[in-house]
Amino acid sequence: MGFLSWMISLLIIAFLIYSGASFHWIVLVILVILLLTYGSKRARLQRIVNRLAPGAGIRVKIQKIEGINGINAFAMLDEHGNKLIIVTPEAVNELDKDELYFVLAHETAHHLKDHLVVKAVTESIKAIVDTAAGILGILGGGIWGGAINYVLSKIFSRIFTNKTIYINQEKEADVEAIRLLKKANLPVCGAYKFFNHRIKEGFWESLIALFIDEHPLASQRWENLVLHYPDLILCTGKSRR
Ligand SMILES: [Zn+2]
């Protein structure tokens with residue numbers, strides 16, 4: 001329940017008390033509000049995350065993100081540095097229950113594994129290295145300088161590029177997600193449904209991913225998961241070899 005709904009609820013209760021409504025009515029209205037809060041989509045997602053990572057203080061928000069359409073979720077820190085998971089309304093509405101479990105577990109894993117910190121540090125190192133390569137290039141001067149700059153930034157971006165870090169983080173978060181789900185006694189086959197949908201529907205997405213290489217392909221991620229958890233193959237309906 002958002003801030004506005006809380007304010008409206010408070011106003012309704014205040015009005016009831018002010019207008020001298022009977023105690024029964026006030027209790028009933030409070031119960032209905034609590035029930036709505038408990039049953040809200042956000043509250044449902046929050047309960048899943050609390051179950052996956054008790055005491056980790058990770059909050060969940062359902063929110064449209066500017067410029068990003070469709071099914072998506074992010075692990076991020078809010079302006080106060082608190083751990084936050086943002087899930088798009090499309091993800092909440094279109095993914096089935098098991099898939100949502102997996103997506104929430106995956107984002108929870110990013111937080112528990114401190115991936116955001118690693119990413120921030122890596123990005124700073126990369127910025128410093130880029131600058132250093134630029135300065136060396138200028139010092140080198142002319143064609144040689146250009147060549148030095150080019151080679152250095154190529155070498156460093158290979159080492160520090162988002163690609164390597166990002167792909168490894170995604171795979172690590174997938175594996176940790178399954179561990180969290182198993183520990184919380186939640187279904188794990190959402191991972192298969194989620195990746196299988198992507199494998200089937202994601203031809204263009206895969207093609208794009210090959211070029212911008214941000215997200216490892218869904219099929220790669222699924223294969224990586226089965227490597228760590230061979231029993232996941234049961235989710236496909238095929239028996240284990
Ligand atoms: Zn991720």
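Let's start with helices H1 and H2. H1 covers residues 3-18 and H2 covers residues 23-39. Their axes come within 10 Å and cross at roughly 175 degrees. That makes H1 roughly antiparallel to H2. Angles over 145 degrees count as roughly antiparallel, under 35 as roughly parallel, 65 to 115 as roughly perpendicular, and the rest as oblique. Axes here are lines fitted to C-alpha atoms, for helices over the stretch in contact, and angles run from 0 to 180 degrees between N-to-C directions.

Two notes on the source. This is a predicted model: local features need pLDDT of at least 70, side-chain atom pairs count only at pLDDT 80 or more, and totals for chains, interfaces and linings use all residues. Residues are numbered from 1 along each chain as its sequence is written.

Back to the helix pair. Which residues meet? From H1, Ser9, Ile12, Ile13, Leu16 and Ile17 meet Trp25, Ile26, Val29, Ile30 and Ile33 in H2. Contact means C-beta atoms, placed from the backbone, within 7 Å. By class, this contact has 9 nonpolar, 1 polar and no charged residues. Nonpolar covers Ala, Val, Leu, Ile, Met, Phe, Trp, Tyr, Cys and Pro; charged covers Asp, Glu, Lys and Arg; the others, Gly among them, are polar.

Ala21 sits in the loop between H1 and H2. Ala21 touches Leu16 and Ile26, not counting residues up to four places away in sequence. Is Ala21 exposed, partly exposed or buried? Ala21 is partly exposed, with 14 other C-beta atoms within 10 Å.

Now the whole chain. The protein chain has 11 helices and 3 strands. These are DSSP runs numbered from the N terminus: helices are H or I with at least four residues, strands are E with at least two. Of the 241 residues, 22% count as buried.

Next, the sheet. It is open, with 3 strands in the order E1-E3-E2 and mixed pairing. Strands E1 (59-62) and E2 (73-77) stand at the edges, each with a single partner strand, so one side of each is left without a neighbour in the sheet. Neighbouring strands are turned by 25 degrees against each other on average, direction ignored.

How do the strands pair? Pairing needs at least two bridges found by DSSP. E1 and E3 (residues 83-87) run parallel, joined by 4 bridges. Ile62 stands opposite Val87 in E3. E2 and E3 pair in the antiparallel sense over 5 bridges. There, Phe74 has Ile86 in E3 as its bridge partner. E2 and E3 form a hairpin with 5 residues between them, and Gly81 in the turn has a positive phi of about 85 degrees.

What covers the sheet? Helix H3 (residues 41-52) lies across E1 and E3, at about 150 degrees to E1. Helix H5 (residues 97-112) lies across E2 and E3, at about 25 degrees to E2. In E3, 4 of the 5 residues are buried, so E3 is largely enclosed by the rest of the structure.

Last, the core. The largest nonpolar core has 35 residues, and those with the most contacts inside it include Val49, Ile85 and Ala177. Such a core is a set of buried Ala, Val, Leu, Ile, Met, Phe, Trp, Tyr and Cys residues joined through C-beta atoms within 7 Å. H5 gives the largest share, 8 residues.

Terms used:
Two residues are in contact if their C-beta atoms, placed from the backbone, lie within 7 Å. A residue is buried if 20 or more other C-beta atoms lie within 10 Å of its own, exposed if 12 or fewer, and partly exposed in between; C-beta atoms are placed from the backbone.
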